[in-house]
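Here's a quick briefing to read alongside the model. Have the sequence and the 3D view open, and we'll walk through it topic by topic.

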Amino acid sequence: MHANPRPPATQQEAMWAMDRLIAAHLFGQQEMAQVMGLNVTDVTCFGFVLEAGDDLLTAGELAERVNVTTGAMTGVLNRLERAGFITRRPDPADRRRVRVAAQPDAVAMARRLYEPYYARLAELFADYSPEELAVLNDWFRRATRLAEAFREESRRQT
């Protein structure tokens, strides 16, 4: 890992670059969803299921992460289950709750579709020093919390 000299940037230039990145990711996610036969919300939920791994999320936890009602989450899970992406399992601690597990074939499909992109991202990250990666990681986490808080505030105002 090595750090290359970085060109100077203003806050405005960084904001525009971030907006372009977000737009590129939104369009890319829409295209991936189409390939998978899903919508973007369903793909996002499936991504959270994948991220959780063996620590299966409840339907309520998924609903909270994507800010939908539990009723809407039932629809998402119905679509994902019909499409063969997930199975629902009773929560061993509380049989009234449902936990969500990814289907192995769907995991393989997601890996096949996303791994080439993540490999390119890994190459890009390799161009940054550990200190720069720490800054990027900090910024991603803080910007995510800021975005989530802003969305929550906006929802309360409408």
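Let's start with arginine 65, which is partly exposed at a relative accessible area of 40%; here buried means under 20% relative accessible area, exposed means over 50%, and partly exposed is in between, with a 1.4 Å probe and protein chains only. This is a predicted model, where local features need pLDDT of at least 70 and side-chain atom pairs count only at pLDDT 80 or more, while totals for chains, interfaces and linings use all residues. Residues are numbered from 1 along each chain as its sequence is written, and side-chain values use heavy atoms, with hydrogens and water left out.

**Salt bridges**

- Side chains of opposite charge can pair when their charged atoms come close.
- The count comes to 11 salt bridges, a salt bridge being a side-chain nitrogen of Lys or Arg within 4 Å of a carboxyl oxygen of Asp or Glu.
- Arginine 65 pairs up with glutamate 51, at 3.9 Å from N to O.
- Glutamate 51 is exposed, at 59% relative accessibility.
- Aspartate 42 and arginine 79 form another salt bridge, with their closest N and O atoms 2.8 Å apart.
- That pair links distant parts of the chain, 37 residues apart: arginine 79 is in helix α4 (residues 70–82) and aspartate 42 in helix α2 (residues 40–52).
- Buried or exposed? Aspartate 42 is buried, with a relative accessible area of 2%, whereas arginine 79 counts as partly exposed at 32%.

**Arginine 99 and its network**

- Which residues are linked in a network of salt bridges? They are Glu61, Asp91, Arg97 and Arg99.
- Within it, arginine 99 forms a salt bridge with glutamate 61, the closest N and O atoms being 3.9 Å apart.
- Arginine 99 lies in strand β3 and glutamate 61 in helix α3, so the pair ties together parts that are 38 residues apart in sequence.
- Arginine 99 counts as buried at 19% relative accessibility, and glutamate 61 as partly exposed at 34%.

**Strands**

- Arginine 99 also turns up in the strand pairing, as the bridge partner of threonine 58.
- Strands β1 (residues 57–58) and β3 (residues 94–102) run antiparallel and are joined by 2 bridges; strands pair if DSSP finds at least two bridges between them.
- Strand β2 (residues 86–91) also pairs with β3 in the antiparallel sense, over 6 bridges.
- Proline 90 has valine 98 in β3 as its bridge partner.
- A hairpin through 2 residues takes you from β2 to β3.

**Surface patch**

- Phe125, Trp139 and Phe140 make up a nonpolar surface patch, with about 300 Å² of accessible area together.
- Patches take residues with over 30% relative accessible area and no salt bridge; like charges are joined within 9 Å and nonpolar side chains (Val, Leu, Ile, Met, Phe, Trp, Tyr) within 5 Å.
- Accessible areas come from the Shrake-Rupley method with a 1.4 Å probe, and for residues only the protein chains shown count as cover.
- Phenylalanine 125 is in helix α5 (residues 104–125) and is partly exposed, at 34% relative accessible area.

**Annotation**

- An unreviewed UniProt entry annotates residues 11–145 as "domain: HTH marR-type"; such positions are given in the numbering used here, feature names are shortened, and annotations may be inferred rather than shown by experiment.
- In the model, residues 11–145 are 73% helix and 13% strand, and the end C-alpha atoms lie 19 Å apart.

Technical notes. Helices (H or I, at least four residues) and strands (E, at least two) are DSSP runs, numbered from the N terminus.
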